[in-house]
Amino acid sequence: MGSAVVWGLAHIWVGRRLAGALLLGIELILAAGVTTAALTAGPALLALAVQPVWLWAFALAALLLATATVAVIIRSYLLVRPESLTTTAQLLSATAIGLLCAVVIAPMAYAARLAYVSQTVVTSVFAKSATPVPVDPWNGRERINILLIGADAAANRVGIRTDSMTVASVDTRTGDTVLFGLPRNLEDVPMPPGPARERFPDGFQGEPPYSPGLLNEVYQYAEDHPEIMPRTPRNHRGPSLLKRTVSGILGIEVTNYAMVDMWGFVEIVDAMGGVRVRIKEPIVYGRQNEGLIEAGRRKLSGEEALWYGRSRTFSDDYVRMGRQKCLMNAVAKQADPVTVLRSFERLAAAAVNAVSTDIPREMLPALVDLAGKVKNAEIRSLQFVPPLINTGYPDYDLIKREAAAALAKPPARPSSSATPGASAAARAAGPAEDGPEVPGGVTGARAGVSTVTLDTVCG
């Protein structure tokens, strides 16, 4: 049985030193290679883990290693097995060897299974790029801007409402991130050049009197009216127009989007085993207000987390936006490797069902590297809500100026919740921490005025 751990041990024991030394040398080379890769090539290994070809290679390597180890165990047993064993003893020893082989095969087979599931997720969620992705996927850009969408579809509602819209602007060098929160109820949204602007020259109006013409209707309007997004296939019209619209609102280029279905989000949180958040005041949840999330440090189930992020009872859209940012921050920080590995298959299944994106799979290695930087960097949030922005009569020029100011200022490393060098509007209104607190751990009315760090605000 020692040959299962030290290859060639049985061969050396019975005098076949050359064969034993060869097997031992092969095992030492493999062990040294794996150890060196784990200690020195962590980011590179993570980058390989999102590439289908390498995932298949990893699965095959795990199965080949399991086969080789089993072959060594069986051969070693045959070499050292005494000839004088009784039939019963032979049966028992063979059974023991069979169990040992099963113990050896199980973790390697599981590793191969994880590789296969990972490959399925990558190929299902991320499409291949229609054009070659350059060596530098950022094309020299200092920041990449990704639109994060929370989609609220329901049986009693036609189409998809994008009730949660956040642009994550990430510094490609440092990982420092600014989250721009856009209220769902922004009105008269300026449309991008082309058929959309020709139809709505004075801003998006929807289909009066059937809809109020809010920002969260743009996605579904594009899907229902292909003529405003010519040569764009179904299920791509909505995100394409919404990206271009949000780009115009903020004055920055939004290159990609990622959308999570709200009910799919429930499955993701449940697969993680829940998410811990700090709740300052009780939050009513449920369609009939049948539940209550008490104040304090709470570990929320998927459904509770969903209502934590969407409840407006005794609050409003803007408080809800703040809670959503805190929830995103909590999920990102608590999705540690142990949690992910423990629930990997459930998380993978939930992701396939809940997530859609136009991020090409060829960009994933670079994004994995960038995500590592974001994990250890500062995440700030700027919400375009009252008093900074009147959503019924938005000042879109002010939104652009505030967004530019937030991106221009350096990250705030001190413990203060407001970044130094706040914009003119922020200075006029005063520091963010002066505002009253609201449910869910978000600073009050002034939260939309200056950038605040999520770690400070959410706790």
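This is a predicted model: local features need pLDDT of at least 70, side-chain atom pairs count only at pLDDT 80 or more; totals for chains, interfaces and linings use all residues.
1. The unreviewed UniProt entry lists residues 21–41, 53–79 and 91–110 under "transmembrane region". In the model, residues 53–79 are 100% helix and 0% strand, with the end C-alpha atoms 39 Å apart, and residues 91–110 are likewise 100% helix and 0% strand, with 28 Å between the end C-alpha atoms.

2. The second largest pocket holds about 530 Å³ of space, and of its 27 lining residues the closest to the centre are Ser129, Ala130, Asn256, Asp358 and Pro360. Helix H8 (237–250), strand E4 (256–261) and strand E9 (355–357) each supply at least two residues of this lining, H8 giving the most with 3 residues. By class, the lining divides into 12 nonpolar, 11 polar and 4 charged residues.

3. The count of aromatic pairs comes to 5. One of them joins phenylalanine 180 and phenylalanine 384, whose ring centres are 6.1 Å apart with planes at 20°, so the pair is stacked. Phenylalanine 180 lies in strand E3 (residues 177–182) and phenylalanine 384 in the loop between strand E10 (379–383) and helix H15 (396–408), so the pair ties together parts that are 204 residues apart in sequence; both residues are buried.

4. Phenylalanine 204 and tyrosine 221 have ring centres 5.5 Å apart and planes at 80°, so this pair is edge-to-face. Phenylalanine 204 is buried, with a relative accessible area of 2%, and tyrosine 221 is buried at 9%. Phe200, Phe204 and Tyr221 form one aromatic cluster.

5. Arginine 323 lies over the face of tyrosine 308, at 5.8 Å from the ring centre.

How values were computed. Residues are numbered from 1 along each chain as its sequence is written. Side-chain values use heavy atoms; hydrogens and water are left out. UniProt positions are given in the numbering used here, feature names are shortened, and annotations may be inferred rather than shown by experiment. Helices (H or I, at least four residues) and strands (E, at least two) are DSSP runs, numbered from the N terminus. On a 1 Å grid over the protein atoms alone, a cavity is a set of points where a 1.4 Å probe fits but cannot get out, and a pocket is an open set with protein on both sides within 12 Å along at least five of seven lines; lining residues have an atom within 4 Å of a point. Grid points are joined across faces, edges and corners, and a volume is the space filled by probe spheres set on the points. Ala, Val, Leu, Ile, Met, Phe, Trp, Tyr, Cys and Pro count as nonpolar, Asp, Glu, Lys and Arg as charged, and the others, Gly among them, as polar. Rings of Phe, Tyr and Trp (its six-membered ring) pair if their centres lie within 6.5 Å; planes under 30 degrees apart count as stacked, over 60 as edge-to-face and the rest as tilted. Buried means under 20% relative accessible area, exposed over 50%, partly exposed in between (1.4 Å probe, protein chains only). A charge sits over a ring if NZ of Lys or CZ of Arg is within 6 Å of the ring centre and within 35 degrees of the ring normal.
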